[in-house]
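Please open the structure in a viewer and keep the selection tool at hand. The stops below are meant to be followed in order.

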Amino acid sequence: MTRMRAFLATLVLSTPLSVMAAEDPVTTFILDNGMQVIVVEDHRAPVVQHMVWYRVGSADEPKGASGVAHFLEHLLFKATDKLEAGEFSAIVSANGGNDNAFTSYDYTAYYQRIAADRLELMMGMESDRMRNIRLTPVNIETERDVIIEERNQRTENSASALFSEQMRAVQYHNHRYGVPVIGWMHEMETLDLDDALSFYEIYYSPNNAILVVSGDVTPEGVRELAEKYYGIIPSNPALPERLRTEEPPQTAERRVVFRDARVAQPYVSRSYLAPERDQGAQKEAAALTLLAEILGGGTTSYLTEKLQFDTQVAVYSSVYYRGTSLDDTTFNIIVVPAPGVTLQEAEDAMDVAVASFMKEGVGPLRLERLKKQFRAQQIYARDNVDGIAQRYGSALTTGLTVKDVQAWPEILQAITPEEIIAVAKNVIIPETSVTGWLMKEQEQGQ
């Protein structure tokens, strides 16, 4: 941390919270075809982040076609009515910008970060590929090879990635969150032109999309361009309701033991089914967010103190919770044992530490400092047009509203120690848990 950033951090931590409660300058409107538009103004630099988010991800895929959402994301960089394959990114680069796309369980997003005076060019190209993609059997074959190689590199060649994939598959009995975003290999290998076009024609329409523009723009200017380029695209009247398979009650704890000769560092992983952030009802998720940070959010966290410093049974511990999800998500704990400590000993120590935390409760000073750190992070995040656009896009595609996004910081600040312990007791229960051991083939963990 630079001296200036350290000074700013100290300033933020010592400033009354009410002084820093300003909201992002956000304007929202809906085009006649149903496309939602979010404009976040920031005139400090002449740059803009242009993003189109589709309310569709891998959890919306038809059974037997896992990976088609991510596959289609790749295919949208092929030819359209106006552009040749690869020309989209080449034009962005030639104009000094960068672009990419990503697929999650709940959404697919495409973005460009570029000089503000190039926004119209970006809208013209992005709106073109919303409805005018031109795919060929050759595109399908070559790009299918690309995503298969991506799975080989990121998943098949990583013991920890394979382990995480198995953990998630066991966590969800019935929901598509148990299927990897990239897809199962045997289904990826069968994806064809019909799979891609069917998915595209159903979900890639303006009434299933959210345009988020952040940076050096005005709402009036964005509206004019959005109506010119996106507003002329017809909506899809046959867009299906976003229905998901629901999880049955989870009533039995489960275990996963994953052995792989490539494992360099064995560790224990535990996940619990947990509620997500809900529209107008974010307190539970806020308490879980704070719980994760208090338990395992860094060198001053509770598990670090107990497992790494006090008992020295671990060399690393972490807790994480990502509440921005359309359906139930997970609350996760990871413990890496110290040399000479077995996985069973590490797991037992983890359980003892969590039980001790439940009994001791949340110290008010620890919570107050954490809240100020969150406030500081939120202040710094406003300097990043990329992060701002992503915050609103990910929220709105998972059922939240602009009001929910803007209310989130104050909801975090209002959470009490008692509410954190209450949500911990509701979520950290054996019945909804999956405990996993990642180990070398010859290890027994005892």
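Predicted model: local features only at pLDDT ≥ 70, side-chain atom pairs only at ≥ 80, totals over all residues.

Residues are numbered from 1 along each chain as its sequence is written, and side-chain values use heavy atoms, with hydrogens and water left out.

**Salt bridges**

Side chains of opposite charge can pair when their charged atoms come close. A salt bridge here is a side-chain nitrogen of Lys or Arg within 4 Å of a carboxyl oxygen of Asp or Glu. Searching the whole structure gives 24 salt bridges.

For accessibility, buried means under 20% relative accessible area, exposed means over 50%, and partly exposed lies in between (1.4 Å probe, protein chains only). Asp117 is exposed, at 60%, and Arg118 is partly exposed, at 29%.

Next, select Glu156 and Arg151. The closest N and O atoms of this salt bridge are 2.8 Å apart. Is Arg151 buried or exposed? Arg151 is buried, with a relative accessible area of 3%, whereas Glu156 counts as partly exposed at 26%.

Then move to helix α9, residues 219-229, where Glu227 and Arg223 lie four residues apart, about one turn of the helix. Helices are DSSP runs (H or I, at least four residues), numbered from the N terminus. The side chains of Glu227 and Arg223 form a salt bridge of 3.9 Å, N to O. Glu227 is partly exposed, with a relative accessible area of 41%, and Arg223 is also partly exposed, at 34%.

To see a network of salt bridges, select Asp60, Asp106, Arg242, Arg244 and Asp327, which are linked in this way.

**Helix α10 and its partners**

Display helix α10 (residues 283-296) together with helix α13 (residues 364-381): they pack at an angle of about 110°, and their axes are 11 Å apart. Axes are lines fitted to C-alpha atoms, for helices over the stretch in contact, and angles run from 0 to 180 degrees between N-to-C directions. The two helices are therefore roughly perpendicular to each other, a term for angles of 65 to 115 degrees. On the α10 side, the contact is made by Thr289, Leu290, Glu293 and Ile294, and on the α13 side by Arg366, Leu367, Leu370 and Phe374. Contact means heavy atoms within 4.5 Å. By class, these residues are five nonpolar, one polar and two charged; Ala, Val, Leu, Ile, Met, Phe, Trp, Tyr, Cys and Pro count as nonpolar, Asp, Glu, Lys and Arg as charged, and the others, Gly among them, as polar.

The axes of α10 and α15 come within 9 Å and cross at roughly 65°. Which residues meet here, in α10 and in α15? Lys283, Ala285, Ala286, Thr289 and Leu290 of α10 meet Trp408, Ile411 and Leu412 of α15. This contact has six nonpolar, one polar and one charged residues.

**Last stop: Asp386**

Finally, select Asp386 in helix α14, residues 385-396. Leaving aside residues up to four places away in sequence, Asp386 touches Gln49 and Arg113. From Asp386 to Tyr107 the separation is 279 residues in sequence and 17 Å in space, C-alpha to C-alpha.

Conventions: Parallel < 35°, antiparallel > 145°, perpendicular 65-115°, else oblique.
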